[in-house]
Amino acid sequence: MSDASQVHISFEFFPPKTDAGREKLVTTRRELQQLKPEYFSVTYGAGGTTRDNTKGIVTQMRSEGFDVAPHLSFGGDDKNSMLALLNEYKNAGINRIVALRGDMPSGVGGALQLVYANELVAFIREHFGEHFYLAVAAYPEIHPEAKSYDDDVHYLKGKLDAGANSAITQYFFNPDAFFYFMDHCQRAGIDKPIYPGIMPITNFKNLSRFSDICGAEIPRWIRKRLESFGDDQESLVNFGIDLISELCETLLDNDAPGLHFYTMNQIEPTRQIVLNLDLA
Ligand code: FAD
């Protein structure tokens, strides 16, 4: 296993919509901070209230001293609104961004032209130089809209060549998919760090639905195992902790530079997995 002190861990949140959710996140971030992550990140929903929720949480966390990265995409925003938001982030002391194209918000009906992530990266570099550390998204099992495997790797390289510092992957459960992808990236000339995204398992139905949408495969044997727990939530969570801890161990044993956890705003099971790996 890699030297624990060299392993970069980061924790992702989504912006809560309710006061209760915001309050719970205060405890979650304090508890997860004990595990000494490199940073936290907060997801972004383009447009309106979800956008403002992200800004609210991120600036709040920054004022409490957390190292935090907002996720960001153009969505329907024009260049001036994007500049204004980036300036707000800069002035708030934020120096990391997860730069994305994002997806079409529901109800827009194709009226919106999405801006590819490489263009957002280039835009940020043009206006803010090296102020922000920029991470982009990568897809070991390939983005659902990609024309081909090679195409998707090519566009990942484009984002990194445009000035991104590293990539974080979509979650996956099959380590071989990640290793195969890393080989391809290397052959394509990508030499920046790619951090595997890790999804702890807490709810089979939600995981299954979301995986179908985002193109992450749940291997048949894992699906069958998860199904077999039925309403036995405790057994499902325990199985998930063992499974994901083993996955992380395999990734780190094979030189993954770190782990980015999709915490779903929960302390557990992320904390238990990090403790199992002796990374805290
Ligand atoms: P891009 O890199 O722009 O790629 C989109 C598609 O277009 C791919 O199929 C790619 O092959 C192709 N492509 C890329 N560049 C070009 C180009 N120049 N010309 C032609 N084709 C191109 N979604 C949210 O809404 N909010 C979030 O906070 C969020 N956070 C995420 C964090 C991570 C780590 C990951 C992995 C995903 C996240 N997503 C989030 C999901 C993401 O927004 C979607 O997967 C989206 O569909 C693609 O965004 P991208 O930045 O990867 O797009």
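Predicted model: local features only at pLDDT ≥ 70, side-chain atom pairs only at ≥ 80, totals over all residues.
Local features were considered at pLDDT of at least 70 and side-chain atom pairs only at pLDDT 80 or more, whereas totals for chains, interfaces and linings use all residues. Residues are numbered from 1 along each chain as its sequence is written, and side-chain values use heavy atoms, with hydrogens and water left out.

Helices (H or I, at least four residues) and strands (E, at least two) are DSSP runs, numbered from the N terminus. Helix 3 (residues 79–91) has 13 residues. Its first and last C-alpha atoms are 18 Å apart, close to the 18 Å expected at 1.5 Å a residue; the expected span is 1.5 Å times one less than the number of residues. M82, L85, L86 and Y89 of helix 3 are buried (under 20% relative accessible area; exposed is over 50%, partly exposed in between; 1.4 Å probe, protein chains only). The buried residues of helix 3 fall within an arc of 95° seen down the axis, so they line one face of the helix. The arc is taken from the directions from the helix axis to the C-beta atoms. On the other side of helix 3, N80 and N91 are exposed. Just after helix 3, G93 adopts a positive phi of about 90°.

Strand 6 (residues 166–171) is largely enclosed by the rest of the structure, because six of its six residues are buried. Strand 5 (residues 133–138) runs parallel to strand 6, joined by four bridges; pairing requires at least two DSSP bridges between two strands. A138 has T169 of strand 6 as its bridge partner. The chain passes from strand 5 through helix 5 (residues 149–161) to strand 6 in a right-handed β-α-β crossover. Right-handed means that, with the strands pointing away from the viewer, the path from the first strand over the helix to the second runs clockwise. Strand 6 also pairs in the parallel sense with strand 7 (residues 194–198), over three bridges. The β-α-β crossover from strand 6 through helix 6 (residues 175–187) to strand 7 is right-handed.

Salt bridges (a side-chain nitrogen of Lys or Arg within 4 Å of a carboxyl oxygen of Asp or Glu) number 14. R96 pairs with E38, with the closest N and O atoms 3.5 Å apart. This pair links distant parts of the chain, 58 residues apart. R96 is buried at 11% relative accessibility, whereas E38 is partly exposed at 32%. D77 forms a salt bridge with R51 at 2.5 Å. R51 lies in helix 2 (residues 48–63), 26 residues from D77. E31, E268 and R271 are linked in a network of salt bridges.
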